[in-house]
Amino acid sequence: MSTASAATTLPAESIDSYRRNGYLHVAGVLDAAEVAEAHDAAIALSSTMASRRYKGEPFTQLVNCWQHDERLRALTLDPRIAGLAETLAGVPLRLWHDQTLIKQPQRSTATEFHLDAPYWPHAGGRHWLTAWVALVDVPVERGCMTFLPGSHVDGDFVSVDLENATALFDALPHLRWWPRVTVPLRAGDLTFHHGLTAHAATPNLTDEPRVAHAVIYMDADTRYSGTRHVVADPLGLEPESPFAHELFPRVPGDSRLTP
Ligand SMILES: O=C(O)CCC(=O)C(=O)O
């Protein structure tokens with residue numbers, strides 16, 4: 001089991017574990033007051049901001065919340081989380097985007113197995129990773145994440161429908177029998193996962209919304225590939241240009257990896 005308890009630094013074995021397994025559980029990154037503030041902001045925003053998906057199946061998806069709410073901006077740009085991400089990635093990072101993901105009570109379906117990076121219009125990136133922050137307790141029955149440890153290593157690159165339970169395994173049959181690790185989280189914990197680690201989330205069978213805030217980072221040198229994506233489409237970026245735009249700031253601001 002890959003779990004680290006320190007909130008702002010990581011022991012070498014946690015970094016090794018992330019690089020080997022493609023995911024890492026970090027406990028207690030946010031305290032109770034920070035969780036409450038971000039949770040309330042996410043719930044409030046979900047009543048005013050349009051979801052990218054049908055409300056509830058498999059989740060309400062609010063993209064680039066940091067552009068709409070100061071409290072979620074603080075969470076998305078939190079230098080503690082970005083610092084951990086940069087340590088794990090080992091390359092300088094930019095924010096790609098954030099998303100608040102709410103699995104509605106009693107009706108959200110599973111998020112089926114998929115890879116993240118193939119969805120994105122990125123060229124030349126050496127690393128992508130997501131910090132998935134639990135803003136409520138997320139036991140297995142409320143929609144927690146499941147990972148296929150080490151599945152990122154071969155660099156398989158397929159984009160599948162995350163509402164189709166067999167799509168990833170039809171495309172990459174060797175993953176069907178891969179061991180799985182399911183990681184329930186306490187509010188304030190987070191998991192990091194690599195953009196090519198196969199992962200899924202269980203349905204929310206409880207009476208409480210499952211509220212998570214995902215902060216997605218990319219290699220600072222990633223270039224825009226020119227393929228369509230809801231975040232990049234309105235920006236008029238030139239294909240093969242770097243993501244030098246205010247929506248994609250370098251993080252953390254006080255980077256230790258770059259001058
Ligand atoms: O929260 C979920 O249900 C799935 C999240 C996910 O797939 C991701 O953050 O990459």
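Predicted model: local features only at pLDDT ≥ 70, side-chain atom pairs only at ≥ 80, totals over all residues.
Buried here means under 20% relative accessible area, so Cys144, at 0%, is buried.

**Cysteines**
- Cys65 also counts as buried, with a relative accessibility of 0%.

**His213**
- You'll find His213 in strand β12, which covers residues 210–219.
- Its relative accessibility is 0%, so His213 counts as buried.
- The His213 side chain makes a polar contact with the side chain of Thr100, at 2.8 Å.
- Leaving aside residues up to four places away in sequence, His213 touches a list of residues including Cys65, Leu72, Asp98, Trp132 and Leu135.

**Ligand site**
- Around the ligand sit Phe59, Leu101, Lys103, Thr111, His114, Asp116, Trp132, Met145, His193, His199, Ala201 and Arg210.
- Arg210 has a polar side-chain atom 2.9 Å from a ligand oxygen.
- For His114, a side-chain N or O atom is 3.0 Å from an oxygen atom of the ligand.
- His193 places a polar side-chain atom 3.2 Å from a ligand oxygen.
- On its own the ligand would expose 290 Å², and the protein buries 97% of that.

**Helix α4**
- Helix α4 runs over residues 79–89 and is mostly covered, with eight of its 11 residues buried.
- Among the buried ones are Ile81, Leu84, Glu86 and Leu88.

**Salt bridges**
- The whole structure has 11 salt bridges.
- Glu86 pairs with Arg250, and their closest N and O atoms are 3.8 Å apart.
- Because Glu86 belongs to helix α4 and Arg250 to strand β14 (residues 250–251), this pair ties together parts that are 164 residues apart in sequence.
- Within that pair, Glu86 is buried at 1% relative accessible area, while Arg250 is partly exposed at 28%.
- Asp78 and Arg80 meet through their side chains in a salt bridge of 2.6 Å, N to O.
- Asp78 counts as buried at 7% relative accessibility, whereas Arg80 is partly exposed at 26%.
- Salt bridges link Glu34, Asp78 and Arg80 into a network.
- Asp170 and Arg176 form a salt bridge too, at 3.2 Å from N to O.
- In this pair, Asp170 is partly exposed at 48%, and Arg176 is partly exposed at 31%.

Key:
Residues numbered from 1 in each chain as written. Heavy atoms only, no water. Buried < 20%, exposed > 50% of the residue type's maximum accessible area, 1.4 Å probe, protein only. Helix = DSSP H or I, 4+ residues; strand = E, 2+ residues; numbered from the N terminus. Polar contact = N/O pair within 3.5 Å; in protein donor to acceptor, adjacent residues only side chain to side chain. Contact = heavy atoms within 4.5 Å. Near = heavy atom within 4 Å. Areas by Shrake-Rupley, 256 points an atom, 1.4 Å probe, with all protein chains shown as cover. Salt bridge = Lys/Arg side-chain N within 4 Å of Asp/Glu carboxyl O.
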